[in-house]
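User: I'm new to this one. Can you walk me through a few parts of it?

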Amino acid sequence: MKEEEIRNADTHKQYLEMVCADALNFFNSPASVEVVSCPACTSARFHREFTKFGFTYVTCDECRTLYVNPRPKVGPLKYFYVRSPSSRFWVEKFFAPVAEARRLKIFRPRAAYVAESLPSLAEGTVGDIGAGYGLFLEELRQFWPRGRLIAIEPSPEMAKICRDKQLEVAESTIEDLNAHDGTFTLLTAFELLEHLHKPQSMVSKAYSLLAPGGYFLITTLSGDGFDIQIMWDKSRSIFPPHHLNFLNPDSLALLCQNAGFAVKSIETPGALDWQIVEGAMARRDIQLDRFWSHVNRTSSADCKADLQTWISKHRLSSHMRILVQKPVN
Ligand SMILES: [Zn+2]
């Protein structure tokens, strides 16, 4: 997969500039933000890293989670997502042109992974939290035509798009979703956790919605990831108020275990870390140290592909995936 296939670099830059302007406009009052404890382990001990778009990122002294603190309160954050010009730009200009490419490159392989990993759930009840355009469930329907597939989506516009695709929709945030307790055999949350004001609430709620023995699959950004570690405050993945939480394989496992889940697998199957760094160098967004500049200038495509394989294999990619299970008893 090529980065350019799933996001256009110029549109991405324009989008991030709009987010920066919106962040400064929407959260300029101290009353719109609050100090929080670590979103993974709840420790109150942290140290400051850097400020971006007016928000400060800190690292938890206990579990290495990188997070925005103070962070937007829930009300102002919801208002931002509904009303900010950058949110509309994302839907219309950033996501829509690459939606079909993303279906092929991201959502279809994701559905294949689920179908292959959890074949016994083929006729179960699946809920995709933050279903958006419904691409994942559409793809999963190809594999599991007899499953009950529910898009859990709070945005009225997105919920309508899912309904138009003949998907069952629960038009709600996960926190407000009732009447389904203990019914899901699988819940999924793709690229959602990094956006949440309080990830613990989502994970605990997922636990109560699942049937005993049910699975929860999460993908999110890892703060241990290669491109994030290399580029740090200049990483395009680090942009508030959207990306508030960068857990890592250890702290994500801890978060799920604290909610009662058993960890079945935790991996970083990302394929883009090196390409992201290479792209940033080509745009002169970053300057690398002597070794990585040398690799970039002189190494073969084969060498760079091996590097990416090594990054993914050793849980050092910024794309992280965890599969956890609610105990049967
Ligand atoms: Zn922590």
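**Zinc site, sheet and a buried serine**

Analyst: Keep in mind that this is a predicted model. Ser-251 is buried, with a relative accessible area of 1%.

User: Which helix is Ser-251 found in?

Analyst: Ser-251 belongs to helix α10, residues 249-258.

User: And what does Ser-251 touch?

Analyst: Leaving out residues up to four places away in sequence, Ser-251 touches Ala-40, Cys-63 and Thr-65. With Thr-65 there is a polar contact between the two side chains, at 2.8 Å.

User: Now the metal. Which residues are the protein donors of the zinc ion?

Analyst: Cys-38, Cys-41, Cys-60 and Cys-63, each through SG, at 2.2 to 2.3 Å from the zinc ion. The site is tetrahedral, with angles of 103 to 115° among the 4 donor atoms.

User: What spacing do the donors follow along the chain?

Analyst: The spacing is C-x2-C-x18-C-x2-C. Cys-41, in the loop between β1 and β2, and Cys-60, in strand β3, are 19 residues apart and link distant parts of the chain.

User: Are Cys-41 and Cys-60 buried or exposed?

Analyst: Cys-41 counts as buried at 15% relative accessibility, and Cys-60 counts as buried at 2%.

User: You mentioned strands. What is the order of the open sheet?

Analyst: The order is β2-β3-β4-β11, 4 strands with antiparallel pairing. β2 (46-52) and β11 (245-246) are at the edges with a single partner strand each, so one side of each has no neighbour in the sheet.

User: How many bridges join β2 to β3?

Analyst: There are 6, and the two strands run antiparallel. His-47, for instance, has Thr-59 in β3 as its bridge partner.

Note on methods. Residues are numbered from 1 along each chain as its sequence is written. This is a predicted model: local features need pLDDT of at least 70, side-chain atom pairs count only at pLDDT 80 or more; totals for chains, interfaces and linings use all residues. Side-chain values use heavy atoms; hydrogens and water are left out. Two strands pair if DSSP finds at least two bridges between them. Buried means under 20% relative accessible area, exposed over 50%, partly exposed in between (1.4 Å probe, protein chains only). A polar contact is a pair of N or O atoms within 3.5 Å; within protein, one must be able to donate a hydrogen and the other to accept it, and residues adjacent in sequence count only if both atoms are side-chain atoms. Contact means heavy atoms within 4.5 Å. Donors are N, O and S atoms within 2.8 Å of the metal (3.2 Å for Na, K and Ca); water is not among the atoms, so sites may look incomplete. Four donors count as tetrahedral if all angles lie between 85 and 135 degrees; four count as square planar and six as octahedral if opposite donors are over 155 degrees apart and all others between 65 and 115; anything else is irregular.
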